[in-house]
Amino acid sequence: MLLIPCILFSFSFAYTATEAGDILVKMGLMSGYPDGTLGLERDITRAEFCTLVAKMLGISDEENFTTEDFSDLPQTHWAYKNVMALADRGIISGYGDTTFRPSNNVTYAESAVILISVLGYKGDLEGAWPTNVTTMSESLGLNSGFSAMASDKMTRGNVSIMLVNGMDVELKK
């Protein structure tokens, strides 16, 4: 009798920024620039990130918010509805001084905690900020395909990867 050993491999798929960006474009969540690129190497602001998340959740056109406005986000700001829709659901809270800082670059920890909240795992965070967030992000596989420190500015490419990875995570109720 001839025995042929079987070797089992475990593969984990990591999206590239281009692949993830293309997925978000096909879903209608992200669009490119006039030069035809997605600008995946460009930094992304807090307002832009919240807009992607609000679109992903299908809540980008809501109005009549119960959450108090952020002092630095006027109702005329292009991302106002997206930011406030997330704030109304407790997904974001801004800073203690009542600001949101929409033009600041979103960091890895900030983007991770928002996505962790959307996925339902915020109540499972243990330990101190931002280690608790980066640890949970890693355990959920949100950062599979890129490496970042908590305070690193996110690029459109890394955010694309994180959002697409999040689509593979089981929602927690």
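Is E110 buried or exposed? In this predicted model, E110 is buried, as its relative accessible area comes to 15%, and the cut-off for that label is under 20%.

First, the helix pair. Helix α2 covers residues 46-57 and helix α4 covers residues 108-119. Their axes sit 11 Å apart, and the two helices pack at an angle of about 15°. Angles under 35 degrees count as roughly parallel, and α2 and α4 are therefore roughly parallel to each other. As for handedness, the crossing of α2 past α4 is right-handed.

Which residues of α2 and α4 meet? On the α2 side they are R46, F49, C50, V53 and L57. On the α4 side, E110, S111, I114 and V118 take part. Sorted by class, this contact has six nonpolar residues, along with one polar and two charged ones.

E110 and R46 also pair up through their side chains, forming a salt bridge with an N to O distance of 3.1 Å. Because E110 belongs to helix α4 and R46 to helix α2, this pair ties together parts that lie 64 residues apart in sequence.

Now for the rest of the chain.

K81 lies in helix α3 (residues 80-88), while E63 lies in the loop between α2 and α3, so the bridge ties together parts 18 residues apart in sequence. K81 counts as partly exposed, at 34% relative accessibility.

Another bridge brings together the side chains of D124 and K172, at 2.3 Å from N to O. D124 lies in the loop between α4 and α5 (131-140) and K172 in the segment after α6 (156-166), so this pair links parts that are 48 residues apart in sequence. D124 is partly exposed, with a relative accessible area of 29%. K172 counts as partly exposed too, at 35% relative accessibility.

Note on methods:
Residues are numbered from 1 along each chain as its sequence is written. This is a predicted model: local features need pLDDT of at least 70, side-chain atom pairs count only at pLDDT 80 or more; totals for chains, interfaces and linings use all residues. Side-chain values use heavy atoms; hydrogens and water are left out. Axes are lines fitted to C-alpha atoms, for helices over the stretch in contact, and angles run from 0 to 180 degrees between N-to-C directions. Helices (H or I, at least four residues) and strands (E, at least two) are DSSP runs, numbered from the N terminus. Angles under 35 degrees count as roughly parallel, over 145 as roughly antiparallel, 65 to 115 as roughly perpendicular and the rest as oblique. A crossing is left-handed if the near helix is turned anticlockwise from the far one by less than a right angle, and right-handed if clockwise. Contact means heavy atoms within 4.5 Å. Ala, Val, Leu, Ile, Met, Phe, Trp, Tyr, Cys and Pro count as nonpolar, Asp, Glu, Lys and Arg as charged, and the others, Gly among them, as polar. A salt bridge is a side-chain nitrogen of Lys or Arg within 4 Å of a carboxyl oxygen of Asp or Glu. Buried means under 20% relative accessible area, exposed over 50%, partly exposed in between (1.4 Å probe, protein chains only).
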